[in-house]
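This report covers the contacts, confidence and composition of one model, and then a single side chain. The sequence and structure come first.

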Amino acid sequence: TVPAAASALPTYVVQPGDSFWGIAQEDGLTVGRLAAANGLAPSDVLLPGEVLRIPPQGSGGSSTGSVPSSPLAPVVVTVAAVGPRAGGAACPRVAGNAYGVLPAVLAASPERQALLPLFRQWAAVYGVSPALVEAIAWQESGWQAGVVSPAGAVGIGQLLPATVRFIEANLVGATLDPWSANDNIRMMTAFVAYLAAREGGDPCATIAAYYEGPGALASVGLLPVSVPYIADVEALVPQFE
């Protein structure tokens, strides 16, 4: 029997592709708090059509990540209490393109090449490979600040609103503008560093977590739809090195 107080909570119907992490971030909750309110474990797989009770915001779990003390100081992004990632299809290992040969569209665009110093600056701040961040951003948007996905992901790093809030609160410690090229690159770089720490420095798993979301990767493992995305990014990385 569901307690009366719990039955009075607002509910959410799980949609295909949803994860505990994404739903929790959208509602300003921790994954643990959301899972506990529904008598589930954070590692449980959510099924489309499942109805979740959404508890009120408040105490009930610590945030994940570390907040930089200075925007220009070297930052070590740490992750607290990350469980093992679920198994799945092996990550692809692909032959990359020629080293240092930028994609033709980028090589022909001085406006987009002007973003390179921003990628290098924030990669140095957050201690992550600039080539990895640049390749993910190229795959996501072609380094175009005005791109918006059907799901509402914005800008160069194609950041969802919930992801922006998570980054601001847990990784950056400041309110930023996802429409700003500088701020978007900063946020996506901080997020890539966070994912890299979460995935033990494995670039392939980091790319997968960026595409699927870290909660989905942790709960269900590598999805088949992620394999070509990872292969594309891994093939792009040498062009930015």
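In this predicted model, 64% of the contacts in the protein with a separation of 6 or more are between residues 24 or more positions apart. Of the 241 residues, 44% count as buried. The protein exposes about 11,000 Å², and 59% of that area is supplied by carbon and sulfur atoms.

The secondary structure consists of twelve helices and two strands. Read from the N terminus, the order of elements is α-β-α-α-β-α-α-α-α-α-α-α-α-α.

The average pLDDT of the protein is 78, and 74% of the residues score at least 70. The elements with the lowest and highest mean pLDDT are listed below.

| Element | Residues | Mean pLDDT |
|---|---|---|
| Helix 1 (lowest) | 4-7 | 48 |
| Helix 6 (highest) | 116-126 | 95 |

Over residues 1-6 pLDDT stays under 50, and the model has three contacts beyond four places in sequence for them. Residues 59-89 also have a pLDDT below 50, with 65 contacts in the model beyond near neighbours in sequence. Where pLDDT is low, the predicted coordinates should not be read in detail.

Is Glu212 buried or exposed? This residue of helix 10 (residues 203-212) is buried, because its relative accessible area is 14% and the cut-off for buried is under 20%. The Glu212 side chain reaches the backbone nitrogen of Leu223 at 2.8 Å. Apart from neighbours within four places in sequence, Glu212 is in contact with Leu217, Gly221, Leu222, Leu223 and Ser226.

Methods: Residues are numbered from 1 along each chain as its sequence is written. This is a predicted model: local features need pLDDT of at least 70, side-chain atom pairs count only at pLDDT 80 or more; totals for chains, interfaces and linings use all residues. Side-chain values use heavy atoms; hydrogens and water are left out. pLDDT is the predictor's confidence in each residue, from 0 to 100. Helices (H or I, at least four residues) and strands (E, at least two) are DSSP runs, numbered from the N terminus. Contact means heavy atoms within 4.5 Å. Buried means under 20% relative accessible area, exposed over 50%, partly exposed in between (1.4 Å probe, protein chains only). Accessible areas come from the Shrake-Rupley method with a 1.4 Å probe; for residues, only the protein chains shown count as cover. A polar contact is a pair of N or O atoms within 3.5 Å; within protein, one must be able to donate a hydrogen and the other to accept it, and residues adjacent in sequence count only if both atoms are side-chain atoms.
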